[in-house]
Amino acid sequence: MQAGGPEPPARALRRRPSVAVVGFPNAGKSTLVNRLAGGREAVTDSEPGVTRDRRALQSEWNGLTFDLIDTGGVDLADSDELARAVQGQARAAIEEAEVILLVVDARSGLGPGDAELADLLRRSGRPVVVAANKVDRPDDHALAAELNALGLGEPISVSASHGLGTGDLLDRVVEELRRHLPDEQASDAEESPRIAILGRPNVGKSSLLNAMLGSDRVIVSERAGTTRDPVDTEVEVDGESIVLVDTAGLRRRGKVAGTVGYYAQLRSERAAERADAAIVVCDADEGLTAEDLRVAELAMRSGCATVLAMNKWDVSRTDIDDARARATRKLRLRPSIVTCSALTGRNVAAVLREAIRLAHRAAERIPTPELNRFVSGVMADRPPPQRHGRRLRIYYAAQVGRRPPRFAMQVNDRRLINRDWAFHLENRLRAAYELEGVPLVIDYVPRKGRRNRSAERAGRV
Ligand code: GDP
C-alpha cells in the first residue's frame with residue numbers, strides 16, 4: 001500500500017492470521033490440513049487472488065482463530081519442474097501467510113529439492129514449523145531427526161492419517177502466530193477505547209467534557225461498576241462504549257483547588273498513561289502555544305494517539321493553517337487539529353469521534369504480508385541508505401504490538417540506518433495507515449543468532 005494511494009488500507013486490517021501449508025506432493029499436506037482443521041469442511045476463500053486449487057480452512061486452537069491455507073497440489077513428472085512449482089507455491093505462501101508449515105514425508109526422507117525449498121523459506125525470514133509426517137509408529141521417530149538437516153528448527157513428528165502428534169504441532173504453530181500477534185487476543189481487542197482530555201489550565205477542558213456529556217449522542221453509562229476506576233466516566237457514543245479517563249476533577253463544576261502546577265502535571269501524566277488516545281485541548285484565542293506543544297508531546301510520549309482540539313473557536317483570532325503548519329513542524333508525530341467550541345457545542349462530537357477513531361487506529365494490526373509489501377514499496381521508492389558500498393536491507397517486517405503500534409524490522413546491519421530514512425519510513429507508514437498523531441515504535445533487529453546458526457546447519461547439509 002503506497003502513501004496517498006487511492007485505496008484506504010482500513011479494509012485490509014483485522015484479517016485473521018493465516019498459516020500456509022507447503023511441501024512436495026505426497027508429503028500428506030491435504031490430509032494434515034484436514035486433520036488440523038478438525039474435519040471441518042473447506043471454507044471457500046473469497047479473497048481476491050486465491051485460485052481455485054487453494055483452500056483456506058478456518059481453524060481454532062488454544063483460543064486463537066486462524067486460517068490454514070492448503071496451497072494445493074502440483075503434479076509434474078519432471079523433478080526440476082516440480083521443484084520449481086513447489087518453490088513458486090512457497091513464495092506465494094511467504095507473501096500471504098504469517099507462519100509457514102512445511103510438511104515433509106519423514107518415511108521417504110529428504111529428497112531432491114528439499115534443501116532448496118528449505119533455503120528459500122529460511123531466507124524469507126518467516127517463521128517456519130516443520131512437520132515430519134507419516135511417523136505412524138513410535139519407532140519411526142528417528143526418521144524425523146533427519147529433517148533437522150533442513151535447518152528450520154526441530155521437526156515435529158505427526159501422523160496425519162492416524163491423527164497423532166497434531167496437538168503438539170498446533171501448539172507450535174499457535175505459539176509462532178502469537179509471537180507475531182502478541183496482544184491479538186480477543187479480550188484485548190474488545191476492550192473499550194480509553195480517552196483522556198488534557199491541556200493547560202483554562203483552555204476549556206471541563207467545559208468541553210461537560211459539552212460532550214450534554215450532547216445527545218453521548219450517553220453517560222449509569223451501570224454500576226462499569227468502570228474499574230471511579231475517577232473515570234464510561235459513556236456510550238453512537239452506541240459504542242468509551243471510557244473517558246480521569247474525568248472526576250473535570251466533571252465537577254468550578255475550579256478544583258490545586259489543579260494547577262506540579263500536581264496537575266502529575267495527574268495529566270497518569271491519565272495519559274492510562275489512555276489509548278488523548279484530546280489535547282488548546283485555547284484558540286491564544287493560538288497553539290509552546291505549552292500546548294509540551295502537553296501534546298507528553299501525551300504521545302505516554303503512548304497516546306493524539307488529536308489537538310482548538311477550543312473557543314467562537315472567539316478565535318487564530319489562523320488555523322498557521323497552527324496546523326506549526327503543529328506539523330514542531331511535533332514529529334504530526335497530530336491533526338480539530339476546531340471546536342465548548343460554548344456553542346460546535347464540533348464537540350467531532351472531536352470525540354476523532355479521538356475514538358485514533359484509538360481504534362492505534363489498536364489495529366497490519367497483517368504481516370501487507371506490511372512487508374508496504375516496506376518493499378517504500379524501499380523501492382527511496383532506496384535505503386548505504387555506507388562503504390553496503391546498503392541497508394530490511395528482510396522482514398512484522399507488527400508485534402498494538403496500542404501503540406510496534407513493529408519489528410529484521411535488517412542486515414543496524415549501523416546502516418540513518419535518522420532521515422528511519423523518519424521517512426515512519427512517516428510513510430503514518431500516512432498510509434492514517435496514523436497521524438499515533439506514536440509508532442519501530443525496532444530494527446539485526447539478522448543474526450538463530451538465523452546464522454540455522455544457516456551454518458544448512459551449510460552442513
Ligand atoms: P479548564 O481549566 O481547561 O477545565 O477550563 P474551563 O472549562 O474551566 O474553562 C475556562 C474558561 O474558558 C471558562 O471561563 C469557560 O467558560 C471558558 N470557555 C471554555 N470553553 C469555551 C469556548 O468554547 N468558548 C468560549 N468563548 N469560552 C470557553
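**Burial and contacts in the predicted chain**

Asp238 is partly exposed, with a relative accessible area of 44%, where buried denotes under 20% relative accessible area, exposed over 50% and partly exposed the range in between (1.4 Å probe, protein chains only). The structure is a predicted model, in which local features need pLDDT of at least 70 and side-chain atom pairs count only at pLDDT 80 or more, whereas totals for chains, interfaces and linings use all residues. Residues are numbered from 1 along each chain as its sequence is written, and side-chain values use heavy atoms, with hydrogens and water left out.

Asp238 is located in the loop between strand S9 (233-237) and S10; helices (H or I, at least four residues) and strands (E, at least two) are DSSP runs numbered from the N terminus. When residues up to four places away in sequence are not counted, Asp238 touches Arg217 and Arg353, a contact being defined by heavy atoms within 4.5 Å. The C-alpha atoms of Asp238 and Ile219, which are 19 residues apart along the chain, are separated by 8.6 Å.

Over the protein chain, 15 helices and 18 strands are assigned, and buried residues make up 51% of the 461 residues. Of the contacts in the protein chain with a separation of 6 or more, 73% are accounted for by residues 24 or more positions apart. The protein chain exposes about 21,800 Å², of which carbon and sulfur atoms supply 48%; accessible areas come from the Shrake-Rupley method with a 1.4 Å probe, and for residues only the protein chains shown count as cover.

Helix H9 (residues 262-274) has 13 residues, which at 1.5 Å a residue should span 18 Å, and this agrees with the 19 Å between its end C-alpha atoms; the expected span is 1.5 Å times one less than the number of residues in the helix. The buried residues of H9 are Ala264, Ser268, Ala271, Ala272 and Arg274. These residues lie on the same side of H9 because they cover an arc of only 165° around the axis, the arc being that of the directions from the helix axis to the C-beta atoms. The cover over the buried residues of H9 includes strand S7 (194-198), strand S10 (240-245) and helix H10 (290-301).

On the face of H9 turned away from its buried side are the exposed residues Tyr262, Tyr263 and Glu273. Tyr262, which belongs to helix H9, counts as exposed because its relative accessibility is 56%. Together, Tyr262, Tyr263 and Leu266 make a nonpolar surface patch of about 380 Å². Patches are made of residues with over 30% relative accessible area and no salt bridge, with like charges joined within 9 Å and nonpolar side chains (Val, Leu, Ile, Met, Phe, Trp, Tyr) within 5 Å; a salt bridge is a side-chain nitrogen of Lys or Arg within 4 Å of a carboxyl oxygen of Asp or Glu.

Helix H7 (residues 205-214) is mostly covered, with eight of its ten residues buried; among them are Lys205, Ser206 and Asn210. In helix H14 (residues 419-432), His424 is buried, with a relative accessible area of 17%, and touches Val378 and Arg382, residues up to four places away in sequence not being counted.

Arg393 occupies the loop between strand S15 (390-391) and strand S16 (394-401) and counts as partly exposed at 47% relative accessibility. With residues up to four places away in sequence not counted, Arg393 touches Gln410, Val411 and Asn412. Arg393 and Ser376 are 17 residues apart in sequence and 9.9 Å apart in space, C-alpha to C-alpha.
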